[in-house]
Structures are given as structure tokens and as C-alpha cells.
Amino acid sequence: MRDNSEKTYVEDVDRSIYDIRNDEKDAYRIKQGLTPAIVQEISEKKHDPAWMANFRLESLQIYNEMKVPEWGPSIEGLNIDQIATYVKPNTRMSAKWSDVPEDIKDTFEKLGIPKAERESLAGVGAQYDSELVYHNVKEEVAAQGVVYTDMESALTGEYEDIVRKHFMKLVTPRDHKFAALHGAVWSGGSFVYVPAGVSVTIPLQSYFRLNAAGAGQFEHTLIIVEEGAYLHFIEGCSAPKYNVANLHAGCVELYVGKNAKLRYSTIENWSKNMYNLNTKRAKVEEGGTIEWVSGSFGSHVSYLYPMSILNGKGARAEFTGITFAGGGQNLDTGTKVVHNAPETSSYINTKSISKDGGISTFRSSVVVTPKAKKSKSAVSCQSLMLDDRSRSDTIPAMDIRTQDADIGHEAKIGRISDDAVFYLMSRGISEEDARAMIVSGFADNVSKELPLEYAVEMNNLIRLEMKGSIG
Amino acid sequence: MSEQLLQVKQLSARVEDTSILHGIDLNINEGETHVLMGPNGAGKSTLGYTLMGSPRYEVTGGEVLFKGKDLLAESADQRAKDGLFLSFQSPLEVPGISLRNFIRTSVEQRTGSRIKLWTFKKELEKAMEVLQMDPSYGDRDLNVGFSGGEKKKAEILQLLMLKPSLAILDETDSGLDVDAVRMVSKGVEEYQKDKKGALLIITHSTRILESLHVDQTHVMVAGKIVASGDASLVDEINEHGFERFL
């Protein structure tokens with residue numbers, strides 16, 4: 001009895017779910033590499049307005065001028081000349097799953113997206129390679145004036161002005177080389193607009209799936225939450241494993257209005273051939289709140305530091321993150337906060353786990369400008385290394401330019417305790433389960449912040465990662 | 001006569017390069033209560049941890065049969081499943097696992113079958129009542145932030161829930177105030193009487209023994225058992241200390 005149920009539990013998280021590879025039946029796959037001609041071709045395929053076409057070319061120029069960052073994990077294995085930056089699936093976006101081609105629909109079914117949509121979401125977007133294949137929002141949510149659509153529809157339709165006003169204004173192409181790359185070849189992503197005073201009580205979710213080998217995914221997510229409004233947005237990502245490099249350089253821009261609140265949850269499970277060079281940023285006005293919940297499990301190399309700009313009095317940022325680096329992974333994650341108004345506060349709480357020679361680096365930056373009188377910031381990061389071959393580093397930076405700020409920082413790096421494993425074993429729990437329990441327990445306060453099905457997924461991922469980790 | 005439960009024959013063990021146990025012989029029958037006393041550093045705790053299978057201690061000689069099986073060949077979790085229990089002197093703190101879920105997982109592992117939530121809840125509440133533990137402790141992370149007394153109560157709670165055939169209590173009474181010792185020994189008494197469980201009580205003091213029936217007492221000095229006797233040996237040590245055995 002017990003053995004069976006235990007087995008089922010483990011098999012539920014068989015990695016093959018993520019590793020399903022579909023045959024590539026793309027309608028269009030752009031030549032590898034990056035040239036003005038390729039960028040122009042993307043513009044044409046996507047029917048960009050003229051300003052966007054220009055924006056792409058300017059971004060390309062900036063990309064060519066900028067240097068590859070030298071302060072983080074090596075990205076030498078990534079050669080942009082071998083990356084196809086645009087792969088259009090052979091379908092149009094639909095609001096009905098039945099219109100989505102069978103193999104693509106099947107992939108999303110296995111990832112549990114339509115089921116989650118039926119049970120616990122107010123709207124879903126599903127991107128496959130470079131374009132959205134599905135987008136739908138519940139009628140009652142749309143009736144409140146909430147807009148949830150793909151970026152292309154927003155850009156070429158009635159929201160063009162709003163897009164133009166906000167697109168890559170928080171994260172400009174000059175931010176870093178891969179932001180410039182994003183500006184040049186971005187495709188897909190979601191646009192969300194929540195009008196003032198509207199509270200979207202059930203979450204919206206976009207899922208990004210990269211199926212094509214040797215391709216890049218560059219989705220752009222733009223969310224505007226107006227005064228006094230509330231939204232919980234969930235982002236999920238995964239890809240099957242290939243033996244060529246894939247690239248993800250998405251961009252997320254979040255505008256949180258006065259007294260508004262946005263919760264942005266991510267569980268990222270890219271395959272281990274992925275370079276994840278993603279940029280996320282939120283600007284928060286007076287009394288507003290941004291809450292980031294970020295789980296990083298996949299990718300070969302990650303650079304990921306969601307940033308909160310607290311721009312109005314009393315604005316608040318919370319960042320809860322977990323990073324799990326296994327063999328062959330070098331995950332450089334963390335967060336940045338700029339306190340740029342009085343009485344702003346930020347709470348950063350991260351956990352990182354490394355095993356099998358994986359490298360996990362926590363990097364944070366807290367900047368308190370002279371305007372940010374009486375601001376508060378508390379940073380806590382804890383790392384757990386599961387063996388002697390793994391590495392964990394903590395690089396916190398603080399730049400405080402006002403006298404009366406209340407700033408705290410706490411870092412703890414530890415190993416899994418043999419005594420604790422023995423303690424659990426002395427109660428009848430196997431060594432493997434004991435280790436998994438300790439690791440899940442370590443991650444517990446983060447998984448509590450995740451939506452239920454993602455918390456389950458995270459625990460399953462931990463169990464999966466811990467399977468056979470003894471020896 | 002009761003059945004033989006534990007037979008320790010000429011057991012020797014070391015930690016790193018230091019030999020600690022030098023040929024221990026000990027027999028415990030089903031349902032019997034044995035007390036192991038001795039001065040600090042005699043190796044009493046080492047015996048407990050070695051029997052439970054701690055990787056810190058290396059067995060260098062001898063054998064141990066538990067219910068007729070070769071105990072030393074088994075991993076710690078298998079020993080627990082066979083019915084051996086060790087109450088830790090310093091229970092470990094494990095964040096993120098609630099005491100309740102931990103006990104439930106352990107019970108299911110020990111018995112090899114699922115336990116109904118309701119049945120488990122009732123039983124846990126009952127056991128907590130015996131120990132006068134606040135039920136809210138069930139929701140707290142395992143031993144995290146527990147006082148010394150609360151940790152020991154939580155150990156005895158696990159003892160009551162897991163119902164082993166033999167429980168080794170390692171200094172369960174040390175560092176506790178009078179009330180806590182009373183609660184803990186009430187729990188142990190319950191295990192002894194209602195569950196007919198056998199005990200190996202490692203202790204410095206005799207407070208925990210006051211309300212318990214004792215079958216045999218052993219004195220350990222420098223890694224050897226130097227004297228064994230009935231309960232009256234406890235009284236003698238109480239009065240004269242260990243000097244006669246040194």
C-alpha cells in the first residue's frame with residue numbers, strides 16, 4: 001500500500017513531463033544570428049508599427065556597442081550567431097484550446113495549464129516558442145475592464161499608445177547587453193492592464209514554453225496596475241533539454257500605481273542547456289506594494305535580479321526567492337531595490353540550495369537615495385550546500401545615502417547536518433527521504449508563498465532533484 | 001520467562017580514533033526496564049547511539065541481536081522499523097517540518113501503512129495530554145525554538161506514538177525542572193505499562209526512576225559494564241555514588 005502510493009508521488013514529477021520534445025513544425029524559423037536584416041525581417045513578420053521597427057534597429061545598434069558582462073557566470077558557451085531569435089509556431093493565437101494544434105495542446109495539458117485554468121485562474125496565456133498560441137481571460141474579469149492579452153495584439157491594436165508610453169521605459173535597451181538584444185528581437189509575452197480600484201481576486205497566469213532547439217525566447221511582459229488595484233500574476237517557464245544552447249532573454253516591466261498591489265510569482269524550470277538572462281523591474285508609486293515570489297530551478301546559467309524601484313512615499317517591496325543549483329548549473333540570482341522616496345520599505349528573504357557541484361550565488365543591491373528618509377530594508381539570505389563539491393556565495397551590496405534609514409542584513413551558509421539526517425532516520429525515515437525532508441523544510445517558507453499547485457511542483461522538483469543524491 | 005529482545009555481545013566501538021566501548025554484554029528481555037548509570041564519559045550515550053546506528057560511531061567488535069536479527073547490519077531507519085527507539089539527549093532542530101507531520105510520517109514509516117488523519121489526530125492529542133503539551137506544539141517546526149523541557153517532551157511524545165519494542169532514553173531527565181521530569185516520567189510510565197515496552201534508561205540522576213519499575217541496573221565505567229544488579233543498586237549509587245566501582 002504505502003510503497004505504491006509513495007511511488008506514485010515520485011512518478012508524478014517525472015522529469016519527462018518537462019522533457020517532451022515536439023517535432024518542429026514551425027510556420028517560420030528565422031535564420032540563425034543577428035543582423036539588421038534579420039531584425040527587420042522580424043519586424044515585418046510581426047507587422048510592427050514604424051516606431052517599433054525603429055526601436056528594434058536602435059536596440060540592435062546598442063547591443064553591438066555593449067560588452068558582455070564580465071562580473072558573473074561565464075556565458076562563453078552562448079553564441080548568438082547560432083541562435084534563431086524568432087520561431088513562429090504553425091498556428092494563430094486562439095482563445096480556445098480546441099484550436100491549438102494537438103501536439104502543442106498536449107504539451108500544455110501535461111504541464112497542467114488548461115486544468116489550472118479551469119480550477120484556479122482568471123486568465124491564461126500560453127506562449128510556444130516566439131508566439132502566444134492561446135490567450136483567454138474569464139468574462140467576469142474582462143467585464144471589470146481588465147485587459148489581458150498578448151503583446152502583439154496590444155501593440156497593433158487599441159492599446160498601442162499605452163504600450164508606446166511604457167515599453168522598455170523601465171528597462172531600457174541601454175541597461176545591459178541582453179536588454180538591448182531583447183529590444184531588438186523581442187516577441188510574445190503578455191500585456192495586462194488593471195484599471196483603478198479593480199481587484200482581480202483570482203490570479204492570471206502566462207506560461208512560456210520553448211520547444212525549438214537552438215532558439216531564443218524573448219517575451220515581453222508589461223503590466224500596469226492602476227491606483228488602488230490588485231493583481232496576482234503568475235509566470236511559469238520550461239523547456240525540454242537539448243545539447244545545443246538555448247537562450248531566454250525576456251523582459252518584465254511592472255507599473256504599480258498609488259496604493260496598488262501586485263504580486264508577481266514565477267517558477268522557472270528551464271532545461272539545463274538554457275542561458276537565462278532575464279530582466280524584471282517594477283516601479284512602485286506612493287503606498288503601493290510589489291511582491292515578488294521567485295523560484296529558479298532550471299537553466300545552465302542564470303542572471304536574474306528582479307528590481308523594485310520604490311518611487312513614492314511608503315511604497316513597499318517584498319522579495320521571496322529560492323534557487324536550486326544542481327550539477328552543471330551556475331545560477332546567479334538575487335534582487336535589487338532602490339528606495340527613492342521617504343518611508344519606503346523592502347523585505348528580502350532568499351534561500352539557495354546547491355548540490356552535485358552546482359554553483360549558486362546570491363547577489364543583492366539595496367540603494368537608499370537621500371530622498372528616502374526613514375526607509376527600512378531587511379535582507380536575509382540562507383544557503384544550503386548538499387555536498388563538498390557544491391558552491392554557494394553571497395554578494396550583498398548596499399549604498400545608503402541618508403542618515404535615518406533602518407537597514408539590516410543577515411546571511412547564513414550551511415551544510416545539511418549529518419546529525420539531523422540521523423535523527424530523522426532514527427524514526428524510521430530513509431536517508432533519501434530524510435535529506436529531501438530537510439531540504440523541503442529549508443525551502444518551506446518560500447513554498448508557502450507560492451500558489452498551491454506551484455508549491456506542490458516545487459516540492460516535487462526538490463524531491464526529484466534529491467532522488468539518488470546519496471553516495 | 002519473557003522473550004529475549006536485545007542481546008549485546010562483546011560490543012566495542014570507537015569515535016574517530018578513540019575507543020570508547022570495550023566489550024559490552026547486555027541482555028534485555030521484552031518489557032523489561034534496565035537502567036544504565038555511570039560517571040560522565042563512561043560511554044553510556046555511545047552505547048545508545050551505536051545501538052541506534054549513528055554514523056559517528058564505528059563498531060570495532062562484537063555483535064548485537066535485536067529480535068534475533070543482526071542489528072548492526074541494518075541502517076538506522078531499518079532499526080527504527082524493527083522497533084528500536086532512541087530518545088536523543090539533544091534533539092535536533094529541523095525547520096520547515098511540523099512536529100505533527102514529522103510524527104505522522106514516522107509512524108507511517110514504522111508501521112508501513114497509512115494512518116487515517118482523524119485516528120492520528122485523536123491519538124496524538126491523547127499522547128500530548130499525558131505529557132501536558134499544548135496541542136499547538138504540533139504545528140510548530142520540529143524542535144525549533146523549543147525549550148529543553150519541551151524538546152524532551154517531544155521525544156517522549158514520539159515514543160508514545162511510535163510504540164517501539166525497546167526505547168533507549170539518553171539522559172532524558174537531564175537539565176529539566178521538577179515539573180518537566182514528572183511529565184516526562186509519566187509519559188515513560190505510560191509506555192512501560194500500557195505499551196509493555198522495554199526500556200534502557202541512561203541517566204545520571206535517579207529522579208526519573210522514582211515512579212518507574214526497574215528490573216535491572218547496570219553500572220558502566222570506562223566503556224565496560226562493571227556491575228549489574230536489581231533496582232536496589234540504584235539506591236546504593238544514590239547514597240554512595242560510583243566510587244566503589246572506579
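This is a predicted model: local features need pLDDT of at least 70, side-chain atom pairs count only at pLDDT 80 or more; totals for chains, interfaces and linings use all residues.
# Sheets, helix packing and the A–B contact

Trainee: What order do the strands of the open six-strand sheet in chain B have?
Mentor: The order is β6-β9-β10-β3-β11-β12 in chain B, and the pairing in this open sheet of six strands is mixed. Residues are numbered from 1 along each chain as its sequence is written, and chains are lettered from A and ligands numbered from 1 in the order in which they are written.

Trainee: And which strands sit at the edges of that sheet?
Mentor: Those are β6 (84–87) and β12 (224–229) of chain B, each of which pairs on one side only. Within the sheet, neighbouring strands are turned by 20° against each other on average, with direction ignored.

Trainee: In which sense do β6(B) and β9 of chain B pair?
Mentor: β6(B) pairs with β9 (residues 166–170) of chain B in the parallel sense, over four bridges, and B:Leu86 has B:Ile168 in β9(B) as its bridge partner.

Trainee: Which strands of the sheet does α5(B) touch?
Mentor: α5(B) packs on the sheet by touching β6 and β9 of chain B, and its direction makes about 165° with that of β6(B). Contact between two residues means that their C-beta atoms, placed from the backbone, lie within 7 Å; axes are lines fitted to C-alpha atoms, for helices over the stretch in contact, and angles run from 0 to 180 degrees between N-to-C directions. Another helix, α7 (residues 232–240) of chain B, lies across β3 (33–37), β11 (216–221) and β12 of chain B, running at about 115° to β12(B).

Trainee: At what angle do the axes of α4 and α5 of chain B cross?
Mentor: The axes of α4 (residues 117–130) and α5 (residues 148–162) of chain B cross at roughly 135° and come within 10 Å. The two helices, α4(B) and α5(B), are therefore oblique to each other, given that under 35 degrees counts as roughly parallel, over 145 as roughly antiparallel, 65 to 115 as roughly perpendicular and the rest as oblique. Their contact is made by residues including B:Leu124 and B:Met128 of α4(B) and B:Leu157 and B:Leu160 of α5(B). By class, that contact has seven nonpolar, no polar and one charged residues, where Ala, Val, Leu, Ile, Met, Phe, Trp, Tyr, Cys and Pro count as nonpolar, Asp, Glu, Lys and Arg as charged, and the others, Gly among them, as polar.

Trainee: Switching to the four-strand sheet in chain B, what is its order?
Mentor: It is β2-β1-β4-β5, again an open sheet, with antiparallel pairing, and the edge strands are β2 (18–29) and β5 (69–70) of chain B. Eight bridges join β1 (residues 4–15) to β4(B), and B:Lys9 has B:Glu63 in β4(B) as its bridge partner.

Trainee: Now the chains together: how many residues does the contact take from each?
Mentor: The contact takes 20 residues from chain A and 26 residues from chain B. On the chain A side, the elements that give two or more residues are α10 (418–425) and α11 (431–447), and that side has nine nonpolar, six polar and five charged residues by class.

Trainee: How far apart are the axes of α11(A) and α12 of chain A?
Mentor: Their axes are 9 Å apart, and α11(A) packs with α12 (residues 452–466) of chain A at an angle of about 145°. Residues that make this contact include A:Val439 and A:Ala443 of α11(A) and A:Met458 and A:Ile462 of α12(A).

How values were computed: Two strands pair if DSSP finds at least two bridges between them.
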